[in-house]
Every structure is written in structure tokens, then in C-alpha cells.
Amino acid sequence: MEPAIQFATTNDDVNVAFWARGTGPPLVLMFPPGFSNLRYEWQIPEGQQTFELMEPHFQVVRYDLRNTGLSDRGIEGLSLDNYVTDLEAVLTKLKFPQVSIFGGGDAGKIAIAYSARHPERVTSLILWRTNPAPGGSAAAPGWTNLRPLLDSNWPLFTDLFATALAGLDDTGLAARVSRYIRESVRPEEFVSASDSLATMDVTLMLPHVKARTLVLHRMDTPFFAIERARKLVATIPDARLAVVQGRSPFAWDENVIRAGIGFLLEDQERPAARSSAIRTMLYTDIESHTAMMQRLGDSAGRDILRQHEQTTRQALRDYGGSEVKAMGDGFLASFGSAQKALECAVALQRAFALAPSGEGESGPLRVRIGINAGEPIAEDGDLFGAAVIAAARIAGKAQGGEILVSNVVRELAAGKGFLFAGRGETRIRGLEDPIQLFQLHWQTPRRE
């Protein structure tokens, strides 16, 4: 099913179309910006396969740059700053504190520029067939010889250009790429993007990229020399080279995507290597779960639990939370941001308040939520330690429909517009010192 399209507005009033879907840490996919269409990608098998491979591991973000696809069109004066602004607008809208970026072709120039300018925001970077110097990253050989056709016969031009990229072995792929180009841009937009990207030079920015970087190369792909990949690895401080099998020049190739996934998953497998081990834990618990199951019976009770599970997992996807474990009547989830954890908790309570009651129930599902922050111990996909215990105990202090947080969470969210009310000092079983609890008012709109 196609994801819902959203829009972010840049500081120069351009509306950028994007979608975000999946679970886990956020990953921005940036394919060559000469052509892009968020809806058409879901109609071709290569696009669907790419997203299906990545969504179980990451919250995937795709967007159309200005002058392409569903974003604003007819914009003149394209520059590297314009394209970086598009990315910044999407990430600002999604409120991600940190992201990983996959940049394919000339989109890699944009990814390099953003990573160099915002080193604290980019955890990992993947570059596929990117030329940081002037000149296109992945143009087909001699494609400029086709330019006389561009104005006189746009469909023929796209057919020949796609065939030059895809080769003669797979006419079906060439046909899909040709239509992809026509669905994405008009002739003048294609020329404007190609010319502007070819003049961009991000070579001097390479030493300022602090993210761990994977440079992907394919020896059997024509018209892209390995010297470019070597230069990237030699100049970016924390970069390495990986050579993948196959001939496809496209970033959505399965071997390319799997190599990228493996690289990014190394971060999840080595949490101690990250700059900060502080996590915000969110714990949910259905009030009077046992009594509800006895009252409704197994079948109707399971329907209520299924509603709780679906709602919770959707909220975790929307706000970048990682499900640690489900316990039948509750969840333990982890966030890299206290703000995102609080926003997720508010979204959950609002969703439960609006959800229809189950058969035999007199009101909405009442869920208690506790939130704490600290340095949990990660082991075998689970989290342990005093910080996790405190989150569960805090949820136990809440009433159904309430969100209780520790003082450390309230301090981490200071100035973010949340409204709290003090609930006093309380002792938590398993902790030596009492802690201050605060109730988050989720019915009240946030103050911006």
C-alpha cells in the first residue's frame, strides 16, 4: 500500500513532497534528483522491493526535490543550497534529531553538503556512484549527443536515455525508467537539474564529513570509474569502500540495498559505540487488563488487545520509537529523543480516547503510560537496568489515560511546549532515592 504523502515548506516557500514509513532509526533515501516521483516508485517492482527490504529495519524517508514529482515545479535558479534546503525542510518537519542518509548519484552531492554542514545530525552516510567534483555522477555515456531530441521528441529521448542507462539486456527495466523520467519532470526541468548538478563541487566539504561513511561501487557498471570511489574513501575521515556484484547502475538494485542495510545495522548491534547511551523509555500498561479479559472472554478481549497493539506500533513508527518488547497488556519502547517519546505518548492517548469501545465496554481503552530516561543495559535485543525498571514503576503509578514522567524527562523536554503538573515526590521500588513525578497534560495543545 502506498504511504501517505506529506508536504514540508522550505524557507524560500517551496512545498516539498515526502513520505515516512517503517520502524527503527530514520533513514533518508536520496536517489538521483534529475527525476523522482514518490507515487510512481510504488508502481514499479524495483521501488517496492527497495522499500520492503528497508522498512523492517528503518523508518524510511523519501522525498521529491523541487522541480520533480509531486513537489513544487517551475522553479528557476537551482543551486546546491536550494537542494540542501529541501532536505532540511523535510527533516525539520519530521523533527528527527539524527538521521542516516543514502545518497545515490548526484544526490550524493546534496548528502555530502548536508553532512558536512550538520555533522551532529548525520550518524551514517552511504554514497552510491557519487562524483563530488564538477561533472555528472552517473550520466550515460554520450547522453549529451541525445539532447537535440529532447526538445523535438521527449518520449524518444527518454527511451534512448533509459536504454543507455539500463542496457539492452532488460528492455522492461528500460521502459520503466523511461516512463519514470516522464512521470517525474518536464524536458526543461530535466535539463535544469542535470546542468545545475553537474556544476556543483563538494570536494572541499569531504574532510568535514564526520559520519561513518560507506562508499559503494560496482566494478561491472559502465561509465563510472573506481577512481572516484577511491577519492571519496581517501578524503572522508571515517569512510570505507565496498564493491558489490552485478551491473545495474541504479541505487534500488537489491545487492546495493542489502549492502547498505548491513552497514547501517552495525550501529544497532554496537550501541556502546555511540556518542551517547542515554535513551528515553516509554512503558504502556492497560488498566485492569485481567478484569477486562475475564469480563469479555478470550475472543472479544483479544480484539481489544489487537487494537492496542496496532495503535501502539503505528505511533512508534510515526515518532521513531523502537519496540523493545510487547507484554500482552503493554509495551516497552525506546527513543533517542525525550521530545519524540512525549509526542508519541500524547498521540497514543489521543488515539485510545477516540477509538471505539469494545463489545461490552462502557468507555475507551484506558492505558497508563510511564516515561523515564537513563542509560539502560542493552543485551539480546532487550533493555535492562534501573532506568527501565523506573519506567515500568512510573506507569504503575498512573491512572488509565494518564502520562506520568520522571523529572529527568521533564528537564530534557524543557522549552518544547509541553505542559506538566507536579505529582510530588514518590519512592519507586528498586531505587534508593525518591523521584519527582510529573503529569503530562495531553488534552491541551502544545505551546509553540
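Reader: Which strands does helix α13 lie across, and at what angle does α13 run to β12?

Author: In this predicted model, helix α13 (residues 386–397) lies across β9, β11, β12, β15, β16 and β17. Its direction is at about 150 degrees to β12.

Reader: What is the order of the strands in that open sheet?

Author: The sheet has 7 strands, in the order β10-β11-β9-β12-β15-β17-β16, and the pairing is mixed. β10 (322–326) and β16 (420–426) are the edge strands; each has a single partner, so one side of each has no neighbour in the sheet. From one strand to the next, the twist averages 25 degrees.

Reader: In which sense do β12 and β15 pair?

Author: Strand β12 (residues 367–374) and strand β15 (residues 403–406) are paired in the parallel sense, over 3 bridges. Within this pair, Ile371 stands opposite Val405 in β15.

Reader: And what does helix α12 touch?

Author: Helix α12 (residues 338–354) packs on the sheet and touches β9 (279–286), β11 (330–335), β12, β15, β16 and β17 (435–440). The direction of α12 makes about 180 degrees with that of β12.

Reader: Changing topic to Ser36: where is it placed, and is Ser36 buried or exposed?

Author: Ser36 is in the loop between β3 (26–30) and α1 (45–54). Ser36 counts as buried because its relative accessible area is 5%, and buried means under 20%.

Reader: Which side chain is joined to that of Ser36 by a polar contact?

Author: The partner is Asp64, and the polar contact between the two side chains is 2.5 Å. Leaving aside residues up to four places away in sequence, Ser36 touches Glu41, Arg62, Tyr63, Asp64, Thr68, Gly69, Tyr180 and Ser184.

Reader: Now helix α8. Which of its residues are buried, and why do they line one face?

Author: In α8 (residues 226–235), the buried residues include Ile226, Ala229 and Leu232. Viewed down the axis of α8, the buried residues fall within an arc of 115degrees, so they line one face of the helix. As a general point, an α-helix has 3.6 residues a turn, so residues three or four places apart point the same way.

Reader: What do those buried residues of α8 pack against?

Author: They pack against α3 (107–117), β6 (122–128), β7 (212–217) and β8 (239–243).

Reader: Finally, how many helices and strands does the protein chain have, and what share of its residues is buried?

Author: The protein chain has 14 helices and 17 strands. Of its 448 residues, 53% are buried. The accessible surface is about 19600 Å², with 49% belonging to carbon and sulfur atoms.

How values were computed:
Residues are numbered from 1 along each chain as its sequence is written. This is a predicted model: local features need pLDDT of at least 70, side-chain atom pairs count only at pLDDT 80 or more; totals for chains, interfaces and linings use all residues. Side-chain values use heavy atoms; hydrogens and water are left out. Helices (H or I, at least four residues) and strands (E, at least two) are DSSP runs, numbered from the N terminus. Buried means under 20% relative accessible area, exposed over 50%, partly exposed in between (1.4 Å probe, protein chains only). A polar contact is a pair of N or O atoms within 3.5 Å; within protein, one must be able to donate a hydrogen and the other to accept it, and residues adjacent in sequence count only if both atoms are side-chain atoms. Contact means heavy atoms within 4.5 Å. Two strands pair if DSSP finds at least two bridges between them. Axes are lines fitted to C-alpha atoms, for helices over the stretch in contact, and angles run from 0 to 180 degrees between N-to-C directions. Accessible areas come from the Shrake-Rupley method with a 1.4 Å probe; for residues, only the protein chains shown count as cover. The arc is that of the directions from the helix axis to the C-beta atoms.
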